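Please keep the structure open while reading.

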Amino acid sequence: MPEFELISQFTEDAFAAEDRVCERPVCRARIAKGDPCFYVGTVDPGKPGRYVCGPCHSHYLTMPATSVRPTGRSVPQPQLSHTFPDPRTIRQTVNAAQRKSTVNPPPVIAFGRGIRPPSMTHSTGPDIAIPSSWGQPSRSSGSGYSVNHVQYGTERERWSKLSYALPPMETITLDISAVHEVGARRKGHWVAIGNIREGKKDVDARIDAPGLMDIAFDTILPKILTFGAGFPWRIEEFVASVPYFISQCMVPSKKGSKAPTFKTKQFALMLVVPEAQWNEYEEWVEKAEEIRQVTARQVQVQHRVETTENVSTVLQSASASTQNLTSSSAFESTKRSHRNNLSTTTTSSSLPHKKLAVAPPKALFSSPDRSDLKEALRSGGSATNFDVAQVLGTYTENVHFYGIPTRPLADILKNLNYRSFKVEPAQAIIGQLTVNSSTRSMLGAGGFKTAHPGWLSLTPLVKSGLGSVPGQNVAVKRPFHKVFPSASSLMYKIGRFSSIDEIAKLGKEANVLYWAHSLLQLTYAFIDHCIASSEEPPPFDIPRVRFVDAGLAISYSQRDSKPTKAGSKTGSSCVGYLVEELIEGGPDVFMKFIHNMDSNPLLDHDDYGYEVASFFSFTQHVQYVKTGGLAFISDYQGSTELLTDPQILTDPSVGQGKDLFGEGNMECTVSMFEKQHKCNEFCEWPGFGLVPFATTTEDESTEETEAGEAGCREDGPIAS
C-alpha cells in the first residue's frame, strides 16, 4: 500500500470482491477477484466516482488536479482523563441531523475536542481522497462535523425539499388572448387584436395573480410585438385581466359531503393594450400606409423613366435605318458604270432596317411628370436605401438536407419504419443554406421559434418540391429560449439551445409536419371519393390547400487543421434548421384559422378567410371520424393556399401519460370534440355522409365538458 491512496469519502476495501472491469474509459482492463481495486472520487460530490485498477490508480496519483489526505493510522494516543458526553445528547444531535435525509449517510459520532474513548481503535485502511474544493476552514465544531462535511448541509436541504415537496395535483387550463380597450359605449370594452390567441394547460390551480400575469406576458407579448413590428410599444402600460379565483373550481361533493371537491376548468386570460396606446398604433399604421403608397408611386415613376430611355433608343435606331434607306436609293440612281465602285465602298455599312410593324405607345416616350421625376431622383439617388445591416447579417452554411416526405396513412400503418420522421444519413442531400439573420428582416417570432428569410441550393437538385431550383426562397426556423437581463425586465434577448437540444426540438416539429401531410392527404382522398360517387356536385367549392414543403437541415462544424488532443471530437453537428417553403405575401396574408383549444373557426363570419376556416373545421370532423376519434390536425394557420406550423391532437387514450407531438397537443380538445364542434355547410352536405353529433342541453353540456376536461388533465401528457 502506498502512503496515499485515492478513494471516496465513503470508502470500501481496496480489493475487488468479485471480477470486474476497470472503469477508466481508456483502460477497461479486467480486475480479478482479490486484486487491488481502488475507488477514485470526483471533485463534484454529486457525481459518482470510478473503480480503477492499480496502474490507473497510480496514474491518478500523478495528476496535478488530484488531492489526497491520509487516513487515520494506528497511532498511540495519549490517555486523557476527560469525561464522556451524555449519550442522550449525542443521540438527539445525530437524529436532528439525519431526520429529513433520504439517503443513508455514514453514522455521525460526536466527540468534544481531545475526547477519545479508550475502546475505540482505528483499523488500518486505505487513504481517502478529498477534492481540493473541500479544503475550506471548518465553520462549525462541537457536533462531530469536520472540514470533510462541508457539502452535508447543502445535500440534506436539497433532499429534504424533494422529499416533502407536494406535486401540483390541481391544475387549470388557460385560454390566453390579446385585446385592446375601446370606448365605454362598446359592450365588453375590449376588442381582440388580430388572431392572437393561445392555450396553456397544466397550470397550478393555486397560482396567484402575479403568476398569471407572468404567464400572460410570456405567452402573448412576443405575438403582439410581431403583429405590430416596428411600432414602439410601451410594454410597461400593458395590463393582464385576472378573472380567476380558486373558489370557482370548488364544487359540492356528489356523495353529500360538506367538503367541496376540486374540478378543473378553463379560464380566459387577456393581455390588455390601453386605448390611448392602441389609437397611437392605428395612426402609425395609417402613416406607414401613406409612406408605402408614396414609395409605390416612386417605383412607377422610375419604371416610366427606364421605359422612356428604352423608347429613345428604339427611335434612334429607327432614324438611322431611315438614313441608310435614303442612301441606298441614291446609289440606285447613279450611273451603272460607277455601281461596282460604290458597292465596294458601301459593303461595310449597315444594312437597311425594315419599318416597324407597330408603333410604340405614346405613353412610353411621353415626358414624365416633373414633380414625380424630381421625387424619384431624390429617392433613387440617395445612398441611405442600401441596407448594410442586411448584408452583414447574411451568412451561408454547408448543410445536410433531409426532406420531409408525404406518405399515405396506410403505408405508415403497415411499415414500422414509417411511423415517424427519421433522419437517414445515407439519404442526405448536400447543399448550401444562406440565412438573413438581421432583426429587421425577421419573418416573425412565435412562442419558441424564430423565422428568417433564406435561400436553399441543393446538389443535385431534387425533381420537385423544396430544393428543385437553385437559390429557392425559404423560411428558416430555429427554436429559442428567452433570456431576461433582470428579474424585473419585460424585454428579453433570444438565446439558442445546445446542438443536441436544438436538433431534438426541430425533430419534433418535423415529425408533426410529417403526420399533418398524411392526415390532410387522407382527408382530400375522402372528399374526392365522395364527390366522384355522388350524383350531384356539392353546392360549394372545395378549397385546395396544402402544408408547406419542408425539411431538416443540419450544419456540421469544420474539422480543425491543427492537431487535436487524444480523445477530442471533431466534425460534430453544431446548428440545426427547419427549412420551409416560403409563404408569399408575408404578414398581410398570414392568419390563424383554428387554434388548438377549440374545434371551431377562430374568425368571425364577416372576416376574410372565414369560409376556408369553416372548411378546416370540416376536415377535423372528417379526420375525427376516419381515425375513430383518436386524432386530427389543429392550429391551422398560414395563407388560403399554404399552411405551416400545424399541431397533431390525440385522444388521452393514445398518449397514456406520454408526451406525444410536443406541448401543443391539447388532448382535452379531442375528448371534447363531439360537444364543441359545430357542423357547417361542408359537414351537412349529404354526399359526405357525416352524421352530426348528438346535441345536449346547456346544463348537461357544461357538466360533461368539465368532466371531460378533468379526465384530459389526468390522462393527458405532461409537458416537458
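1. A word on terms comes first: a residue counts as buried at under 20% relative accessible area, as exposed at over 50%, and as partly exposed in between, with a 1.4 Å probe and protein chains only. At 33% relative accessibility, Asp202 therefore counts as partly exposed. Asp202 lies in strand 6, and its phi is near 55°, a positive value in a residue other than glycine.

2. The model is predicted, so local features need pLDDT of at least 70 and side-chain atom pairs count only at pLDDT 80 or more, while totals for chains, interfaces and linings use all residues. Residues are numbered from 1 along each chain as its sequence is written, and side-chain values use heavy atoms, with hydrogens and water left out.

3. For the chain as a whole, the secondary structure comes to 17 helices and 25 strands; these are DSSP runs numbered from the N terminus, with helices being H or I of at least four residues and strands being E of at least two. Of the 720 residues in the chain, 35% are buried. Contact means heavy atoms within 4.5 Å, and among contacts between residues at least 6 apart in sequence, 67% join residues at least 24 apart.

4. Strand 5 (residues 171-181) and strand 6 pair in the antiparallel sense over nine bridges, and Val179 stands opposite Ala192 in strand 6. Strand 5 is joined to strand 10 by eight bridges, and these two run parallel; here Ala178 has Leu271 in strand 10 as its bridge partner. Strand 7 and strand 10 run antiparallel and are joined by three bridges, with Val239 opposite Val272 in strand 10.

5. How many residues of strand 10 are buried? Six of its eight residues are, and strand 10 is thus mostly covered.

6. Turning to helix packing, helix 11 (residues 499-533) and helix 12 (residues 610-626) pack at an angle of about 95°, with their axes 10 Å apart. The two helices are therefore roughly perpendicular to each other, a label used for angles of 65 to 115 degrees, whereas under 35 counts as roughly parallel, over 145 as roughly antiparallel and the rest as oblique. Among the residues that meet are Leu519, Tyr524 and Phe526 in helix 11, and Phe615, Phe618 and Thr619 in helix 12.

7. Tyr524, found in helix 11, is buried, with a relative accessible area of 10%. Leaving aside its neighbours within four places in sequence, Tyr524 is in contact with Ile542, Pro543, Arg544, Val545 and Phe615. The C-alpha atoms of Tyr524 and Thr619 are separated by 8.7 Å, although these residues are 95 apart along the chain.

8. A nonpolar core is a set of buried Ala, Val, Leu, Ile, Met, Phe, Trp, Tyr and Cys residues joined through side-chain atoms within 4.5 Å. In the largest such core, of 47 residues, Phe593, Phe616, Phe618 and Phe688 touch the most other members. Helix 11 gives the largest share of this core, 14 residues. Another core, of 28 residues, lies apart from it and includes Leu174, Ile176, Cys249 and Leu269.

9. Two backbone details remain to be checked. The peptide bond from Thr459 to Pro460 is cis, with omega near 0°, and Pro460 is found in the loop between strand 14 (449-459) and strand 15 (472-479). Asp645 has a positive phi of about 50° although it is not a glycine, and its place is in the loop between strand 24 (642-643) and strand 25 (647-650).

Methods. Axes are lines fitted to C-alpha atoms, for helices over the stretch in contact, and angles run from 0 to 180 degrees between N-to-C directions. Two strands pair if DSSP finds at least two bridges between them.
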